[in-house]
Amino acid sequence: MTSVIESAHGVLAGCAAAQRLCDEVAADPRAVRVVDVSGPGGAGKTTLLSILSTIFDATGSDGVVLVDDAHELGDAELSRLARLAADGRTRLVVAHRPWPLLSSLRSFAWTQPLVRLEPLTRAAVAERIAAMVDADPSEEFVDRVWAQTGGMPSLVVQVATTLRDGRPIPVDVLEQVRREVGRAPAAVREVLAAIALGCGATVNALASVLGTDGEEIAAAAQGAWSTGLLTGAGTVVELAREAVLQQIPAAELLELRQRVAFAPMDQGGSVMAVGRLLLENGACGVRAASALEAAGDEVHISEPALAAELYTAAVAAGASASDLGARRAEAAALSGDLDTALRMAEEVLERPGGQAHALAATVAATALAHRGMPSASASLYQWPVPSTSAVPLLVGLGRLDQARKLIDTADEDHPTVGSAVRSLMARGVLDSVVGSPVCALSELLRADALLEPGGRAELLPDTPVALAALVAVHLGELDIATAALTRAIDNHPRGSVELTRYRLLRAWAYMLGGELGRASTELRETTAGSPPADPRDELFVAAIEIGVARRLGEHADLLSAWPRARDAIMRYPVDLYVLQPIGEIAVVAARLRKEAWVAPHLADAETLLDHLGRPPLWSAPLHWYAAQAAIAAGSPTKALHHASLIKAMADGTPLAAALAEVVHCWLRVLAGDVDVPAVQKAARAMQEAGLVWDASQLAGQAAIRTPDRRAMSTLLTCARSLRDNRDSRDATSPTSSTCPRSDRPGPDLSDRELEVAELVVAGLTHRQIGERLFISAKTVEHHIARIRRRIGAGNRADLLAQLRLQLAVRDTP
């Protein structure tokens with residue numbers, strides 16, 4: 001008997017009432033009992049009766065009557081059961097569904113309270129799976145089983161076993177569900193179908209949709225619950241949904257879909273609820289098209305991707321494609337589908353006249369701004385109604401007078417959050433050129449704050465936080481830039497157009513600060529899968545990739561990254577907001593002797609800055625890059641020219657002041673004039689401006705070039721302290737332990753290469769080195785060629801200088 005009870009507890013796991021009845025019967029099988037068991041289809045009534053039968057048989061009990069599906073019995077059978085219940089000798093268990101109601105059962109002489117069997121809760125489903133499927137189910141697995149079965153005991157074990165083994169739901173299980181649906185009366189099937197399409201399971205909701213009186217609906221609703229095909233939340237069990245809908249003829253089903261969809265609106269509810277149902281169920285006709293259009297209008301700012309779906313469905317239902325064209329284009333643009341947005345906007349603009357032209361022009365302008373056509377974008381933002389959205393583009397292109405005039409004359413239709421954002425952006429960008437860069441940063445951050453609370457989307461050529469980050473980077477305030485970008489990244493949905501830009505700008509800030517592990521990780525995660533479609537984003541990708549390689553001293557990586565950088569710079573026109581990436585690529589071009597590819601872009605950048613009056617915020621960083629490129633190309637005269645230009649704007653921004661001091665110090669170092677205090681001071685200035693890698697490089701290059709051993713040790717200590725400070729910040733990167741050390745003058749050399757390097761620095765010839773190491777002169781030549789490639793040395797002097805630093809770093813404690 002013990003084994004029978006243990007087995008019963010496993011089979012009935014999660015159903016305490018059924019387990020308790022089995023325990024009571026097993027404890028005293030000969031006691032007279034009259035037990036009422038009620039539960040919907042599939043709740044386990046038949047299983048319970050089978051277990052009770054086993055218990056009675058095992059104890060040799062007689063006078064036992066077990067009745068299943070009593071709700072299907074006629075009056076005569078029920079009368080017989082009533083007599084058995086009253087005879088005082090029969091052990092009687094009657095199982096039935098809660099509907100149809102059997103009033104005669106109320107007169108039975110029940111010996112204990114009703115045993116109610118119901119769908120299993122999630123916790124009970126987990127218990128049943130653990131007991132019967134020989135598995136310790138995870139929460140996710142339990143949720144999957146519960147979603148498919150609604151907790152119906154007759155389905156849980158079979159479905160759990162199937163999902164565990166990765167097999168499709170067995171045909172016999174699906175057939176079991178279909179039979180249950182087919183056995184239900186027509187009124188019950190209609191109720192189930194309405195609920196499957198989204199109607200609430202209450203009598204009032206069903207009566208409104210099905211158009212029948214309350215009493216009939218109440219009975220049919222009870223019948224629907226009794227089938228066991230509804231979850232406790234009043235939805236159709238997922239496994240049964242298709243079977244329920246298949247029972248309704250196609251024409252009737254279409255009509256029912258429409259009635260279910262429009263019921264909330266007919267009762268004064270939200271049109272959005274109707275739109276969602278129409279989207280899910282499919283609809284056609286004037287009323288459906290109107291509802292879908294209204295629903296799209298309701299969410300076109302807050303949920304643009306959903307609005308785009310609703311508008312598309314409205315057109316499919318019969319709405320005018322031309323009337324909805326501009327709004328569909330706007331929704332597509334706001335959701336990040338710029339190709340679709342531009343195509344739809346152009347279709348609207350090609351049609352003569354129409355009030356939608358202004359919106360379509362704004363959509364097209366936004367798409368073109370992201371597609372690397374700022375001039376065309378600026379023109380469209382000013383047609384047919386001028387908008388201050390064009391100001392960042394005009395300033396970026398050097399058209400300062402047009403930008404000022406637009407700010408003075410643009411007529412924003414009425415005060416809104418959007419107009420306030422556009423105004424702050426326009427003033428912020430203008431102040432970055434002709435006013436205070438600090439005020440510019442404040443205005444751009446305030447514009448971003450206006451968009452944050454509601455997660456608003458606006459049709460803009462760029463976002464306030466992206467422009468604020470660029471201003472902060474040019475000020476040397478990398479922490480402000482990364483903090484603002486991180487907040488924006490955390491608040492934006494995955495896959496949005498803005499998210500890619502934010503992550504690339506953050507990677508750019510990490511790279512400038514020497515946090516190369518973070519920069520590499522951010523770049524890899526952002527571009528995983530496919531390159532950016534936005535040419536501006538692609539330019540930043542290429543510049544980060546090649547910039548990290550330059551800072552790591554990986555000459556081979558520079559060579560492999562160059563084609564992408566060359567192509568990216570060809571695809572995007574010069575504007576104010578890409579001067580730093582252009583400068584980074586220019587430095588590498590000079591090192592690789594490929595200056596011709598970048599020279600036209602540098603010339604365009606110079607012309608642009610001339611038109612803007614050489615604003616220090618934007619000019620100083622570019623001249624810093626130009627000076628580095630000139631140094632790499634072996635042109636000290638050009639480097640000195642750019643140094644003098646930076647010095648002239650030293651009062652403009654803190655970063656410009658730091659760069660002015662550093663660039664002159666750097667030139668003196670390259671000429672062999674190493675003033676240790678001056679180098680340390682310049683390095684600290686660079687560190688304060690956020691350019692820690694450049695600071696450590698200055699100290700390292702000075703150490704290479706001084707013949708004074710004590711000065712070399714002091715400068716190496718300075719470089720090491722800067723490196724350690726940077727490494728402590730970079731340590732949070734998942735790849736920091738595997739990235740090459742970013743502060744070294746070149747990659748780590750092997751033991752044999754270090755031996756060769758020591759002898760090269762000592763002045764030995766290839767033959768002498770070979771004799772010393774017992775290798776051929778040819779092998780020595782191969783070693784030196786490999787060392788030269790790895791450290792990117794352009795000539796023998798550079799090779800000797802970098803090898804001296806390699807050996808000094810190794811030997812200095």
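Start your tour at the open sheet: its four strands run in the order 2-3-1-4, with parallel pairing (two strands pair if DSSP finds at least two bridges between them). Strands here are DSSP runs of E with at least two residues, and helices are runs of H or I with at least four, numbered from the N terminus. You are looking at a predicted model, where local features need pLDDT of at least 70, side-chain atom pairs count only at pLDDT 80 or more, and totals for chains, interfaces and linings use all residues. Residues are numbered from 1 along each chain as its sequence is written, and side-chain values use heavy atoms, with hydrogens and water left out.

Next, select 64–67 (strand 2) and 115–116 (strand 4): these are the edges, each with a single partner strand, so one side of each has no neighbour in the sheet.

Now select residues 34–38 and 91–96. Strand 1 and strand 3 pair in the parallel sense over five bridges. Which residue of strand 3 is the bridge partner of Val 37? Pick Ala 95 to see it.

Last stop: select 535–552 and 555–571. Helix 29 and helix 30 pack at about 155°, their axes 9 Å apart.

Conventions:
Axes fitted to C-alpha atoms, helices over the stretch in contact; angles between N-to-C directions.
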